[in-house]
Amino acid sequence: MATDFLAQLDPAFATTAKQVLTACEAKGITMRPYYAARSPWQQARLWRQSRSTEQIQAARQRMETEGAPWLANVLNEVGPQHGDHVTNALPGKSAHQYKLALDCFWLVNGEAEWEDTTGYRIYATVAQERGLSAGMFWTSFVDPPHIQHGSMDNMPNWAWSMVEAEMYARWGNTPSGQWGRP
Ligand SMILES: [Zn+2]
């Protein structure tokens, strides 16, 4: 049995997400979870992997100035990363850190389908019908595998000081080595 991703999530959100997957299945679309909860360190790695040193420095400075020194340090301590642009969200600014987001790929004939968006559109529509928001329909950064709780939609506007307090309360006691903490 693969990792039980739904068990990592906020229980009420997990229930809705499971309904989404069941409804997709009824339409012949199999969506397979691959990312649920994500720590600030995991988010920091994903954000850094496509950014320049200048962009990283600018983000750290802004976070420190605006009341998030702990998260600025998270962004620093994960070290250099390399990879594709997969997220616009800095650590603390993704619903995955609040356990209110799920990423699934579309499973077709036993393989992950990333190019054809047909299944992702059905998944996103079903999620919206249940009050969730879907990355498939985002305009700034289209994220077909991603669905999240509707309460997270305004998060890009949350003050860094508030995000810092939330993140420290949820993740501050994570031991080194767990959830990707260095
Ligand atoms: Zn996601």
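Which residues of the largest nonpolar core touch the most other members? In this predicted model, they are Met-31, Leu-102 and Tyr-123, within a core of 51 residues. Two or more residues each are given to this core by helices α1 (11-26), α2 (40-48), α3 (53-65), α4 (69-77), α5 (118-129) and α6 (160-171), together with strand β2 (101-108). The largest share, seven residues, comes from α1. In soluble globular proteins, nonpolar side chains tend to be buried together.

Apart from neighbours within four places in sequence, Leu-102 is in contact with several residues, including Leu-6, Leu-9, Phe-13, Ala-17, Pro-33 and Tyr-35. Its contacts also include Tyr-123, as well as His-96 and His-146, and these two histidines are among the protein donors of the zinc ion.

Along the sequence, the spacing of the donor residues is H-x6-D-x42-H. His-96 belongs to the loop between α4 and β2, whereas His-146 is part of strand β5 (residues 146-148), so the pair ties together parts that are 50 residues apart in sequence. Both histidines are buried: the relative accessible area is 1% for His-96 and 4% for His-146. The arrangement around the zinc ion is irregular because the four donor atoms subtend angles of 51 to 157°.

Tyr-123 leads in turn to α5, where the buried residues are Gly-119, Tyr-120, Tyr-123, Ala-124, Val-126 and Ala-127. These residues lie on the same side of α5, because they cover an arc of only 165° around the axis. The elements covering them include α1, β1 (30-35), β2, β3 (111-113), β4 (133-134) and β5. Just after α5, Gly-131 adopts a positive phi of about 85°.

Backbone angles elsewhere also deserve attention. Most residues other than glycine have a negative phi. Asn-109, however, has a positive phi near 50°; it is placed in the loop between β2 and β3 and is exposed, with a relative accessible area of 76%. Trp-179 likewise has a positive phi, near 50°. This tryptophan is found in the segment after α6 and counts as partly exposed, at 31% relative accessibility.

Key. Residues are numbered from 1 along each chain as its sequence is written. This is a predicted model: local features need pLDDT of at least 70, side-chain atom pairs count only at pLDDT 80 or more; totals for chains, interfaces and linings use all residues. Side-chain values use heavy atoms; hydrogens and water are left out. A nonpolar core is a set of buried Ala, Val, Leu, Ile, Met, Phe, Trp, Tyr and Cys residues joined through side-chain atoms within 4.5 Å. Buried means under 20% relative accessible area, exposed over 50%, partly exposed in between (1.4 Å probe, protein chains only). Helices (H or I, at least four residues) and strands (E, at least two) are DSSP runs, numbered from the N terminus. Contact means heavy atoms within 4.5 Å. Donors are N, O and S atoms within 2.8 Å of the metal (3.2 Å for Na, K and Ca); water is not among the atoms, so sites may look incomplete. Four donors count as tetrahedral if all angles lie between 85 and 135 degrees; four count as square planar and six as octahedral if opposite donors are over 155 degrees apart and all others between 65 and 115; anything else is irregular. The arc is that of the directions from the helix axis to the C-beta atoms.
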